[in-house]
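Subject: Structure handover

Hello,

Here is the structure for you to look at. My notes on what turned up follow below it.

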Amino acid sequence: MALDSTPWSSATTGFDVLAMGVPLVAIRGGCTAARMSSSILKGLGRPEWIAETPEQFAAIVAELCADLPALRASKPELRHRVLASPLFDGLDLTRQLEQAFLAMRKAPGPPSDDCCIKLLHKKGPPA
């Protein structure tokens, strides 16, 4: 199990940990730099690993540690789930970026935030 740092949360390190099938427990902070790992966990469908308070953080850790054999056994499934998620779909991200760049190039006048937002979020809002 990995315990996220605070007040600034992990980003790349959080992805690395999860990609290895290791659960990550995070505490949601008050700014973007403090919410990176919370966003990753939400995008992976693991909001139960996100704490709002230090007490909640400790409770989540205690719950996960209560059954260490089950935690170890869940590693391959978590790794597969993480690597198969949209957060790790580099090909789809590349296609969406290409479409956004083409739309910006073709758009008359100054660039518009609207054209990029529609293309990049066609699958729904970001995590």
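Two strands pair if DSSP finds at least two bridges between them. Keep in mind that this is a predicted model.

Strands first. Strand β1 (residues 2–3) and β2 run parallel, joined by two bridges. Ala2 sits opposite Leu24 in β2. On its other pairing, β2 is joined to strand β3 (residues 50–51) by two bridges, and these run parallel too. Here Ile27 stands opposite Ala51 in β3.

Strand β2 covers residues 24–27. Leu24 and Ala26 point one way from it, while Val25 and Ile27 point the other way. All of them are buried.

Next, the crossovers. β1, helix α1 (residues 12–19) and β2 form a right-handed β-α-β unit. β2, helix α2 (residues 36–43) and β3 form a right-handed β-α-β unit as well.

Now the core. The largest nonpolar core has 20 residues. Those with the most contacts inside it are Leu18, Val25, Leu41, Trp49, Phe57, Ile60 and Leu64. At least two residues of this core come from each of α1, β2, α2, β3, α3 (54–65) and α5 (75–83).

Take a look at Trp49. Which residues does Trp49 contact, leaving aside its neighbours within four places in sequence? The list is Leu18, Pro23, Leu24, Val25, Ala26, Leu41, Ile60, Leu64 and Leu78.

On to charges. Side chains of opposite charge can pair when their charged atoms come close. The count comes to two salt bridges.

Arg28 forms a salt bridge with Glu52, with the closest N and O atoms 2.7 Å apart. Arg28 lies in the loop between β2 and α2, and Glu52 in the loop between β3 and α3, so the pair ties together parts that are 24 residues apart in sequence. Arg28 is partly exposed at 27% relative accessible area. Glu52 is partly exposed, at 43% relative accessibility.

The other salt bridge links Glu48 and Arg46, the closest N and O atoms being 3.1 Å apart. Is Arg46 buried or exposed? Arg46 counts as buried because its relative accessibility is 16%, and buried means under 20%. Glu48, at 42% relative accessibility, counts as partly exposed.

Last, the cysteines. The structure holds zero disulfides. Cys31 is partly exposed at 32% relative accessibility. Cys65 is partly exposed at 36%.

Best wishes

Terms used. Residues are numbered from 1 along each chain as its sequence is written. This is a predicted model: local features need pLDDT of at least 70, side-chain atom pairs count only at pLDDT 80 or more; totals for chains, interfaces and linings use all residues. Side-chain values use heavy atoms; hydrogens and water are left out. Buried means under 20% relative accessible area, exposed over 50%, partly exposed in between (1.4 Å probe, protein chains only). Helices (H or I, at least four residues) and strands (E, at least two) are DSSP runs, numbered from the N terminus. A crossover is right-handed if, with the strands pointing away from the viewer, the path from the first strand over the helix to the second runs clockwise. A disulfide is a pair of cysteine sulfur atoms within 2.5 Å. A nonpolar core is a set of buried Ala, Val, Leu, Ile, Met, Phe, Trp, Tyr and Cys residues joined through side-chain atoms within 4.5 Å. Contact means heavy atoms within 4.5 Å. A salt bridge is a side-chain nitrogen of Lys or Arg within 4 Å of a carboxyl oxygen of Asp or Glu.
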